[in-house]
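This report describes selected packing features of a two-chain model. The sequence and structure are shown first, and the description follows.

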Amino acid sequence: MMPKQLISLTLNGLPRELAVEPSWTLLETVREALDLTGPKEGCGTGDCGACSMIVDGRLITSCLMLAPQAAGREITTIEGLQKNGSLDPVQQAFIDAGGLQCGFCIPGMVMAARHLLDHNREPSLTEIREALAGNLCRCTGYTKIYEAVQLATERMAAR
Amino acid sequence: MAQETKVRETQRTDANGHHAVGQRVKRLEGAAKVTGKTVYADDIKFPGLLHAKALYAPYAHALIKSIDTTKAKQLPGVHSVYTATDLPHYNRNDSNRRNLIFPDKEVLFYGQPVAAVLAEDPHVAEQAAGLIEVQWEVLPAVLDPVAAIEPGSPLVRDPLSDVDRSEERGHVSVDTQETEQEGAPSNIASHAPFKRGDVAAGFAEADVIVERSWKSAMVHQSYIEPHSTVADYDITGELKVWTSTQAPFYIRDELAQAFDLPENRIRIIATEVGGGFGGKIYLTELMVAALAIAVKRPVKYIMSRKDDMLAATPAPFAHIDLKTGMTKDGTLTALEARLIYDSGAFPGAPMLAGCMLIGGYYRCDNIDIQGYEVLTNKVSVGALRAPGAHNATFAIESHIDMMAKELGLDPLEVRIKNAVEEGDLMPNGQVYPRIGLRECLEAIAGSEVWRNRRAVEATPNRGVGLAIGGWLGGLQPASAICCLNPDGTVNVTVGSADITGTNTSFQQIAAEVLKLPLEMVNVTSGDTKTAPFAGMSAGSKTTYTVGRAVLLAAEDMKQQMFELAKQRLEVEPEDMEVAEGRVQVKGAPDRAMTFQRFGKLSTNFGAPFPVLVGRGAITARKSAPGFTAQAADVEVDPETGDITLHAFAIAQDAGFAINPLSVEGQMQGGASQGLGIALWEEMQYDEHGRLLNPNLLDYRLPTSRDLPPIETIIVEVPSEEGPFGARIVGEPSIVAGAAAVGNAVFNACGARVDEVPITPERLLRALGKL
């Protein structure tokens, strides 16, 4: 086993210094070493998106990023979306629109939706469908997820 | 909002005075899910936890000549290695997948687990599994179920004995039994014949006869959370299992039998299920429990995606030969079918359901249906949402369109003309209770997708197709407890795993009975030591059965309150009612006692009332089948064979939608899975029986890019016994997609593809371009 490697990063707004296993993925590091179990592993090959995180403003599948690659970066997981104890408008919209069922894809799906709205304040349905295509949901058939993103868009515009 | 989604809202709060049921209610557990707080089995950690990784057979059929675990055990960090010979004792039966952990002499499918390694680091366990040395003697693999039923076919395995059908019974209840394998050894695990009338006479009467064979691929449930289980057998002799399952009580009973343990020494905690769809009943728990018993430490086993695709229980391939006849006026006169379901290496294929549905949608005096459940050297199959239904439906619903086309009849009207109704017979002679098939067809006629079909089809290569589907549903007793708290709030406890928002529906049911605001009722799924019994959350029966128990438990608590209030309110219970958190005298609402007062008077020190605990327990004997009609709008590229889905509509009879938000979600989700079956999903095996696509890149699930918003129409034809008229909901939605898309593709380009998924290659072949 390789020796642990010391890295610093910003996780959900807080600077952290970590000794990481160089062969571990960012997902494993967050789940196992930091006990943030929101992000999920559905495939381990970057196909399902359940492990999605926002890293330096980009949506990434954290099962494909090795822990040392996260050094110096700013990382947001599903646990980092709440602000001052209240839900992010995207999170609230998924609840209100019924855009969740089993919930396993949701930590990744919500991050993908948040990332979309960070970059496009008025996405069309086609743009929503494109932006979420890397996140598989097996339960909803996506209809209510589209509605959730549209609801979040409307509410954020109304602010 | 997505304009394409429209829901027919029935009158609510309304004539019936419902304030809680029939409302669009957000999920109880929504906030936990959107924040990542929900605990799934892989999120559980214990001190001393060992991770298990399995070694999976690299051949579809082979003898194990020897297993050498020396090198694996020598890898630093490995705790132990287990094979068939050193597992603790359990009651093994090699005929049933669920009664066998590791084989000791013969593997029957590619990916069958043969050994497990335990280590504190899962990576070490995985590496060590690769160091286990097995000497194999490769045997011929039998892979084609159609060839496998022929006399003289090589045998898949040793003959079966004492086959356990209990799991299949959890998904559908029909008054029929398949005949188990008997006589000379063959690969036919079971056979079921259904006959009525005289098919030869029926075909003689017909003006058009269509005869064709239909194939549907093996598909995987593809829950995003793979199978995940943690077990611990502690010093007290209690076996605890935290597992992603739809069926905690079923697992308890199975493990009790496997290890000769009393059921009250086993505690199954169903963690949040990250998708099940019938595939998460009982699979990994026996192995993980055995390992935990062996090492007396907690053991966690999380299947990788590849493990899950190799060694879980996907849905079967089926080959169906169908011959149907119809007269000019659109009357179905004869139906003859042979259904071959590929069960893989163990029995368990849902062939019976396919037989019941292929001859169960339409009235027909003359039927001859022969179902075969056939063994092959492939992974053994299990349930996927209405197990076995889509395979049979693809065949019959393609035929209806083909016959209507030949006769120049409208495909919708032909279906309405023949659709079964209350009092009609199923293939086994069972009589249909009240059902809403005709109403679903009438509803789909009003969908945008169907109404726009003429305009759509004016565009070259566009087509709209229709199909119906249904599911008979499972039946099992159920129970619930309803407790009043000192502050007047109510706790409901059930034993069912909440896989579809059922606990939210139970909240609505209890709140409705007690006339309480929703937030005053909370619902918990207890584990097998703390909750009253419930059947498995499968067969679409949870709201239908446990919901009734919740209704009775709340009713029971209410009646107890009425009895206790007699003295203080000075009226008989029949003159009391509940309203706004109070028990009050009818016509004199100022003479009342609040729920809070009852709560205090039944819990305080020296309180006069006994604790208020309502009990609901039911047996369910009468099914409430659910039907659906669906329409697809597709565009075909005749050069590449690509198919684009432009729009899709589903109408489904929910009986009464306790929570329309959840019901729509079930309809849309099931429809999307049906579309996956129609267009993309297929487990592909090579000529040696090796799975070629055990990952989510090559096994193609529907993505948001593929699926437009689904037009969703709830139909409500009340069931006779369900709570507030609710009937089964979860499963029918998956059933019709394959046939609806097949019919749409035909209408788009004139090519009839007889195998799903309808891949570009298959379409180009049907178009004569390959």
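In chain B, residues B:I251, B:L255, B:A258 and B:F259 of α7(B) meet B:E285, B:L286, B:A289 and B:I293 of α8(B); two residues count as in contact if their C-beta atoms, placed from the backbone, lie within 7 Å. Sorted by class, this contact of α7(B) with α8(B) holds 7 nonpolar, no polar and 1 charged residues. Here Ala, Val, Leu, Ile, Met, Phe, Trp, Tyr, Cys and Pro are taken as nonpolar, Asp, Glu, Lys and Arg as charged, and the others, Gly among them, as polar.

The model is a predicted one, in which local features need pLDDT of at least 70 and side-chain atom pairs count only at pLDDT 80 or more, while totals for chains, interfaces and linings use all residues. Residues are numbered from 1 along each chain as its sequence is written, and chains are lettered from A and ligands numbered from 1 in the order in which they are written.

Helix α7 (residues 248-259) and helix α8 (residues 285-295) of chain B pack at an angle of about 50°, and their axes are 11 Å apart. Axes are lines fitted to C-alpha atoms, for helices over the stretch in contact, and angles run from 0 to 180 degrees between N-to-C directions. The angle makes α7(B) oblique to α8(B), since angles under 35 degrees count as roughly parallel, over 145 as roughly antiparallel, 65 to 115 as roughly perpendicular and the rest as oblique. The crossing of α7(B) past α8(B) is right-handed, that is, the near helix is turned clockwise from the far one by less than a right angle. Helices (H or I, at least four residues) are DSSP runs numbered from the N terminus.

Between the chains, the contact draws 45 residues from chain A and 42 residues from chain B. On the side of chain A that touches chain B, α5(A) gives the most, with 5 residues. By class, that side has 22 nonpolar, 14 polar and 9 charged residues.

Leaving aside neighbours within four places in sequence, A:G134 is in contact with A:G49 and A:A112.

Key. Helix = DSSP H or I, 4+ residues; strand = E, 2+ residues; numbered from the N terminus.
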